[in-house]
Amino acid sequence: MRDAYRREINYLRVSVTDRCNLRCVYCMPPEGVEFLPHDEILRVEEIEAIIRAAASVGIRKIRLTGGEPLVRKGIKDLVRRISNIPGIDDITMTTNGILLPFHAATLKKAGLKRVNISLDTLKNERYREITRGGKLASVWKGIQAALDAGLHPVKINTVITRGVNDNEVEDLARLSLKMPLHIRFIEIMPIGDGNAWAGGLVPASEIMEKINRGIGRLDPVDAIEGDGPARYYRIAGAEGTVGFITAMSDHFCETCNRLRLTSSGGLRPCLYDSREIDLKTPLRRGAGEKELVDLIMDAIDMKPDRHHMHEGWTDRKRVMSQIGG
Ligand code: SAM
Ligand code: SF4
């Protein structure tokens with residue numbers, strides 16, 4: 001399926017829960033957010049029905065996210081069901097990694113191909129502060145579990161915030177030297193509580209410059225498996241790579257290939273736009289695949305040409321964990 005701007009839409013990000021076992025400062029407000037009642041969250045079979053309909057109009061890749069997808073009951077069953085849907089050839093997950101030691105091997109068996117794990121610092125105390133209580137050692141166990149289970153390639157999502165962890169850019173990039181890890185620096189976005197960090201944006205160009213100067217030249221490489229928006233580079237001799245996701249300083253909307261499904265069943269044409277098409281209500285009154293397909297096509301038609309975050313066009317009502325990051 002192509003949208004009004006001739007972009008092929010083949011990727012659906014599915015938020016399976018708005019709950020999380022961490023409270024990252026740029027993602028959730030200090031008081032936390034009010035979680036949706038269980039009944040408001042899509043059931044596993046409902047998510048499966050939506051993905052089946054989406055696959056019939058060309059969705060090929062699914063990323064499970066949240067909130068924290070590993071706190072969702074039935075996550076392994078969901079992965080197994082999705083892996084049996086004809087047309088879906090890539091199932092991935094974005095996770096904070098804390099629960100991976102308990103799930104990595106069974107998820108791999110169920111059909112999960114790979115994971116992105118979020119990690120913004122290599123310092124115990126700072127990790128505790130950024131995540132409001134998380135333990136860095138647990139994430140390292142999660143990364144090791146993912147590597148051991150063969151969930152390759154393992155990508156690391158790193159949000160750099162000025163004055164918080166910008167002095168760790170080089171150390172984080174160095175992780176790619178000796179381990180098969182792909183470190184992706186993500187520019188902080190003014191979504192939800194990201195607003196509180198508006199002064200914290202460190203443009204990717206500045207991060208690249210730091211790495212070039214401090215460690216060695218970054219040579220461009222082809223995209224690492226998965227066709228997301230990151231641009232990848234390798235430091236000479238490194239096992240892994242370093243990538244940059246420049247949603248703020250150099251948006252990549254012209255190649256956007258995705259839709260997002262919130263945990264409460266809203267289909268979003270764009271992360272930065274608060275418009276949603278409700279799929280839960282029709283599903284619960286018995287909508288069949290044809291009706292779902294029509295609604296999915298409506299969402300594709302609604303995709304804007306680009307985001308306007310710099311002009312204040314962001315979702316201030318919902319934070320990242322509620323939309324699905
Ligand atoms: N809980 C999982 C995790 O942390 O990986 C999945 C959901 S989380 C919302 C997905 C990604 O969004 C994480 O890598 C997180 O760092 C990123 N994120 C959250 N709020 C953000 C913001 N305001 N700007 C940029 N990235 C953000
Ligand atoms: Fe939870 Fe992920 Fe948001 Fe952190 S970024 S609070 S781990 S959903």
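Is Arg52 buried, partly exposed or exposed at 32% relative accessibility? Arg52 counts as partly exposed, where buried means under 20% relative accessible area, exposed over 50% and partly exposed in between, with a 1.4 Å probe and protein chains only.

This is a predicted model, in which local features need pLDDT of at least 70 and side-chain atom pairs count only at pLDDT 80 or more, while totals for chains, interfaces and linings use all residues. Residues are numbered from 1 along each chain as its sequence is written, chains are lettered from A and ligands numbered from 1 in the order in which they are written, and side-chain values use heavy atoms, with hydrogens and water left out.

View 1. A polar backbone atom of Gly67 is 3.0 Å from a nitrogen atom of ligand 1, and a polar backbone atom of Met189 is 2.9 Å from a nitrogen atom of the ligand. From Glu68, a polar side-chain atom lies 3.1 Å from a nitrogen atom of ligand 1. The protein covers 95% of the 550 Å² of accessible area that ligand 1 has on its own, as computed by the Shrake-Rupley method with a 1.4 Å probe.

View 2. Eight residues lie around ligand 2, and Cys20, Leu22, Cys24, Cys27 and Asn96 come nearest. The shell has four nonpolar, three polar and one charged residues. Cys27 counts as buried, at 15% relative accessibility.

View 3. The side chains of Arg52 and Glu48 meet in a salt bridge (3.2 Å, N to O), a term for a side-chain nitrogen of Lys or Arg within 4 Å of a carboxyl oxygen of Asp or Glu. Both residues lie in helix 1 (residues 44-56), four residues apart, about one turn of the helix, and Glu48 is buried, with a relative accessible area of 13%. In helix 2 (residues 75-83), Arg81 and Asp77 are likewise four residues apart and separated by about one helical turn, and their side chains meet in a salt bridge (3.2 Å, N to O). Glu48, Arg52, Asp77, Arg80 and Arg81 are linked in a network of salt bridges.

**View 4. The pair formed by Arg126 and Glu168.** A salt bridge (2.8 Å, N to O) joins the side chains of Arg126 and Glu168. Arg126 lies in helix 4 (residues 124-130) and Glu168 in the loop between strand 5 and helix 6 (169-178), so the pair ties together parts that are 42 residues apart in sequence. Arg126 is buried, with a relative accessible area of 18%, and Glu168 counts as buried at 1%.

Technical notes: A residue is near a molecule or strand if one of its heavy atoms lies within 4 Å of it. Ala, Val, Leu, Ile, Met, Phe, Trp, Tyr, Cys and Pro count as nonpolar, Asp, Glu, Lys and Arg as charged, and the others, Gly among them, as polar. A polar contact is a pair of N or O atoms within 3.5 Å; within protein, one must be able to donate a hydrogen and the other to accept it, and residues adjacent in sequence count only if both atoms are side-chain atoms. Helices (H or I, at least four residues) and strands (E, at least two) are DSSP runs, numbered from the N terminus.
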